[in-house]
Amino acid sequence: MRRLIPIVVALAIAAAIAYAFWPKPLPVDFEPVSAGPMTVTVDEEGKTRIKERYIVSAPLGGQLQRIELDPGDPVKTGETLLAVIEPTDPALLDSRTIAETEARVKASEANVQQSNTAVERARVALEFAQNDLQRTQKLRERQQATLEELENADMLLRTRREDLQAAEFAVQIAKFELEQAQAALVRTKPGPRSPGETTNVAINSPITGTVLRVLQESATVVTPGVQLIELGDPRELEVEVDVLSSDAVKIDPGDHVWLEHWGGDRPLAGRVRRVDPAGFTKVSALGVEEQRVNVIIDFDDQYENRQSLGDAYRVEAKIVVWEEPQVLRVPASALFRVGEDWAVYRVNDTRAHLTKIEVGQTNALYAQVLSGLKAGDTVISHPSDKINDGVRVVKR
């Protein structure tokens, strides 16, 4: 027994040392490889803007009375008085000024005719787009048209409606400018004046909407063309988002958009109407020059759901450039590079196995798996440099 006790103690010490240096499983985070929906978006900040803005200018020179309207006040076509100008004495005007005013009237008349023609052209294009959408819907019901063709036809109809609305707005503006030019012509031609007759020119609102800015509020002497007040309809909003040119090539008219962080309790739905064909250079916050492209987005939500939004308000746009309802996906946090290939650590029998995979589309959360993994596999999220092929691991 005296000889056995030292042997047992020595074995116990050796076992303790061996246990202390025996490799232990590394605690890691497990993530499953699953099948589910996946969406790829281009995320950028943007701002709202009114589609059609109008700046009312002085049609002739004279004494401008103080403008009583304030930003936010509603105006109505032909009824709301915007400004009053007491024109300069016609007797002091020469023949050249009168000739210029007559030419302005003729130009306004031509502009009205041109605007009416544009309305007819937009109306014909709208009818064609409606018929094309109906044909595409019938073909789609018979499985003779693709979903992309149906979406393109629907987007064309939306665009033609916007074109018609813009053309009708242009007609209103052209008629207003003609009325102002004719009024200025009457005031600039000398002639007898009956007792009590006033020569003041009253400028009424050309549109129904809201006062955006008062550019000349105080009473003062103005010359023809001086900007007085800016008008617009806040119900007709769009969103302007500038994206990197490398992202702009992925965006197509008709792509779905989610507008978030605008102040409401839920995101607003929108759709891309136009991707500008020309870009511009913009310096980022880090001082890097970037080529950016403007993307114009229309709201799909009704005005009642976004009444608090105004002109030049900030929003965050998520433009959907790719989506699938069912794909094999792996968490993006599990991916890392091995040379030119993507790889993950797949867990099998409590050991990490280096596995190279082929990746398709990616977003901030997931990556599409084309080959190398199957649904139900387990991978390691955020693998550290302590993990190697064959290392034993345990769930953290």
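**A walk through loops, a sheet and salt bridges**

Ala312 sits in the loop between strand E15 (289–299) and strand E16 (314–331). Strands here are DSSP runs of E, at least two residues, numbered from the N terminus. Phi of Ala312 is near 65°, a positive value in a residue other than glycine. Most residues other than glycine have a negative phi.

A word on the model. It is predicted, so local features need pLDDT of at least 70 and side-chain atom pairs count only at pLDDT 80 or more, while totals for chains, interfaces and linings use all residues. Residues are numbered from 1 along each chain as its sequence is written, and side-chain values use heavy atoms, with hydrogens and water left out.

Back to phi. His261 also has a positive value, near 55°, and is not a glycine. His261 belongs to the loop between strand E12 (256–260) and strand E13 (268–275). Is His261 buried or exposed? His261 is exposed, at a relative accessible area of 54%. The cut-offs: buried is under 20% relative accessible area, exposed is over 50%, and partly exposed is in between, with a 1.4 Å probe and protein chains only.

Now the sheet. Four strands form an open sheet in the order E3-E10-E8-E5, with antiparallel pairing. Strand E3 (53–57) and strand E5 (74–75) are the edges, each pairing on one side only. Two strands pair if DSSP finds at least two bridges between them. E3 and strand E10 (residues 227–232) have five, in the antiparallel sense. Take Val56: its bridge partner in E10 is Ile229.

Next, Ser205. Where is Ser205 found? Ser205 is in the loop between strand E7 (201–204) and strand E8 (209–214). Ser205 is buried, with a relative accessible area of 2%. Counting heavy atoms within 4.5 Å as contact, and leaving out residues up to four places away in sequence, Ser205 touches several residues, including Val75, Thr77, Leu82 and Leu231. The Ser205 side chain also reaches the backbone oxygen of Ile207 at 2.6 Å.

On to charges. How many salt bridges does a search of the whole structure find? The count is 31. A salt bridge is a side-chain nitrogen of Lys or Arg within 4 Å of a carboxyl oxygen of Asp or Glu.

One of them joins Arg66 and Glu217, with the closest N and O atoms 3.0 Å apart. Arg66 lies in the loop between strand E4 (62–64) and E5, and Glu217 in the loop between E8 and strand E9 (220–222), so the pair ties together parts that are 151 residues apart in sequence. Arg66 is partly exposed at 46%. Glu217 is partly exposed at 34%.

Another links Arg266 and Asp301, at 2.7 Å, N to O. Arg266 is in the loop between E12 and E13, Asp301 in the loop between E15 and E16, 35 residues apart. Arg266 is partly exposed at 37%, whereas Asp301 is buried at 12%.

Salt bridges link Arg49, Lys51, Glu162, Glu238, Glu240, Arg273 and Asp298.

Last, charges over rings. The test is NZ of Lys or CZ of Arg within 6 Å of the ring centre and within 35 degrees of the ring normal. Arg306 lies over the face of Phe299, 4.5 Å from the ring centre. Arg337 lies over the face of Trp342, at 4.1 Å.

Key:
A polar contact is a pair of N or O atoms within 3.5 Å; within protein, one must be able to donate a hydrogen and the other to accept it, and residues adjacent in sequence count only if both atoms are side-chain atoms.
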